[in-house]
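Trainee: I am new to this structure and would like to learn how its descriptions are reached. Could you take me through them step by step?

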Amino acid sequence: MTLALPEVSAGMQERVADALARVEALIEERIDHEDPFIAEANVHLLRAGGKRFRPMLTIVAAELGDGVNDEVVSAAAAVELTHLASLYHDDVMDEADLRRGTPTANTAYGNSTAILVGDLLFGHASALVADLGPEAVRIQAETFIRLCTGQIRDDRQAPEGSDASAWYMRVLQDKTGVLIATAARYGAMFSGCSDDVVETMRVYGERLGMAFQLADDLIDIESSEEELGKTPGTDLREGKRTLAVLHALASTSPEDARLQELLRSDLSGDAELAEALRLLRAHPALEQARAETRAVGEQAQAALADLPESEAKTALLALATSVTSRVS
């Protein structure tokens with residue numbers, strides 16, 4: 001699904017589209033390689049499509065300042081390359097077969113190559129950021145640390161005695177929120193915005209990123225394979241406890257015993273996974289998670305309260321609505 005900006009002018013839509021085309025061209029230029037195999041592996045996921053959500057956010061955030069310039073384009077490309085690199089690694093960790101309806105890099109080239117291509121893309125992102133100055137390098141390094149921290153924690157259950165939902169939300173802050181926060185932050189930074197506006201965009205971006213991931217979690221439960229471009233229930237199969245799962249497990253109703261048994265078991269079998277999805281889709285936990293997703297999206301919008309009215313602010317508010325409306 002493509003996230004749109006329905007409440008802004010045709011002129012802004014055109015500016016964003018033009019800037020995204022510049023970002024895409026820069027990425028392709030940077031990751032091209034004299035070795036045809038490496039060149040092909042580098043663009044494997046890039047050409048599979050995707051929303052380009054993060055670079056779009058960088059571009060829209062730049063509209064709060066002096067608009068898109070070469071530095072904004074480079075920052076947006078670096079953020080998208082960081083995201084793409086993480087997908088190569090994620091697919092290896094998840095043993096995924098499809099990404100965006102296309103065979104994953106680990107399926108096409110093997111795990112070792114997929115990991116190394118991910119590393120190569122991280123290197124290209126770092127090279128772009130290095131040209132943007134020491135502050136950008138520091139932010140990129142901190143972002144990468146938190147990305148890895150979130151991914152490590154995502155592979156573990158919440159510590160015994162802790163609040164599992166709070167643990168999961170912290171995982172999302174690091175795993176997804178931080179890179180989207182950096183995307184928004186860079187757009188404001190490199191378009192000449194004040195420090196206050198840059199910080200506003202950081203806070204907005206982190207909340208928006210969390211809402212984005214929460215929505216994706218719900219889509220993984222609710223959507224068909226045709227809609228997703230990959231097998232639904234991937235998180236369940238991997239034993240990941242997203243918000244809807246955590247709420248279902250917290251239920252004390254005897255009627256939920258079978259669902260809870262399934263959620264605590266090995267769901268590698270297709271029949272068990274299908275049954276768990278069917279029961280979870282009918283459970284109130286799903287609507288509870290939807291409401292929490294909308295609430296986080298509203299927190300992102302609330303972060304923009306002190307910004308003066310502008311078309312860019314309207315676009316950012318609409319973007320948060322677009323993210324959460326995917327599960328309304």
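Mentor: Gladly! Let us begin with two helices, H9 and H16, whose axes come within 9 Å and cross at roughly 20°. Please keep in mind that this is a predicted model.

Trainee: Why are H9 and H16 called roughly parallel to each other?

Mentor: Set the angle against the cut-off. Angles under 35 degrees count as roughly parallel, and H9 and H16 cross at roughly 20°. H9 and H16 are therefore roughly parallel. As for handedness, the crossing of H9 past H16 is left-handed.

Trainee: Which residues make that contact?

Mentor: From H9 come Met201, Tyr204, Leu208, Ala211, Phe212 and Ala215, while H16 brings Leu316, Leu319, Ala320, Val323 and Thr324. Sorted by class, the contact of H9 with H16 has 10 nonpolar residues, 1 polar and no charged.

Trainee: How do you know whether Gly192 is buried or exposed?

Mentor: Exposed means over 50%; Gly192 has a relative accessible area of 57%, so Gly192 is exposed. You will find Gly192 in the loop between H8 and helix H9. The C-alpha atoms of Gly192 and Glu34 are separated by 37 Å, and these residues are 158 apart along the chain.

Trainee: And what about Ser74: why does Ser74 count as buried?

Mentor: Its relative accessibility is 16%, and the cut-off for buried is under 20%. Ser74 therefore counts as buried. Ser74 sits in helix H4, residues 70-94. Beyond its neighbours within four places in sequence, Ser74 is in contact with Leu26, Leu128 and Leu132.

Trainee: Let us return to helix pairs. Why are H6 and H7 called roughly antiparallel?

Mentor: Helix H6 (residues 111-130) and helix H7 (residues 134-154) have axes that come within 8 Å and cross at roughly 150°. Angles over 145 degrees count as roughly antiparallel, so that is the description H6 and H7 receive. The crossing in which H6 passes H7 is right-handed.

Trainee: What does the contact of H6 with H7 hold, by class?

Mentor: Phe122, Ala125, Val129 and Ala130 of H6 meet Ala136, Val137, Gln140 and Phe144 of H7. These residues divide into 7 nonpolar, 1 polar and no charged.

Trainee: At roughly what angle do the axes of H3 and H8 cross?

Mentor: Helix H3 (residues 53-62) and helix H8 (residues 164-189) cross at roughly 35°, and their axes come within 6 Å. This crossing is right-handed. Among the H3 residues in the contact are Phe53, Arg54 and Leu57, which meet H8 residues including Thr176, Leu179 and Ile180. By class, the contact has 10 nonpolar, 3 polar and 1 charged residues.

Trainee: One last topic, the cysteines. How many disulfides does the structure hold?

Mentor: The structure holds 0 disulfides.

Trainee: Then what makes Cys148 partly exposed and Cys193 buried?

Mentor: Cys148 has 34% relative accessibility. Cys193 has a relative accessible area of 14%. Buried means under 20%, and Cys193 is therefore buried.

Notes:
Residues numbered from 1 in each chain as written. Predicted model: local features only at pLDDT ≥ 70, side-chain atom pairs only at ≥ 80, totals over all residues. Heavy atoms only, no water. Axes fitted to C-alpha atoms, helices over the stretch in contact; angles between N-to-C directions. Helix = DSSP H or I, 4+ residues; strand = E, 2+ residues; numbered from the N terminus. Parallel < 35°, antiparallel > 145°, perpendicular 65-115°, else oblique. Left-handed = near helix turned anticlockwise from the far one by under 90°. Contact = heavy atoms within 4.5 Å. Nonpolar A, V, L, I, M, F, W, Y, C, P; charged D, E, K, R; others polar. Disulfide = S-S within 2.5 Å. Buried < 20%, exposed > 50% of the residue type's maximum accessible area, 1.4 Å probe, protein only.
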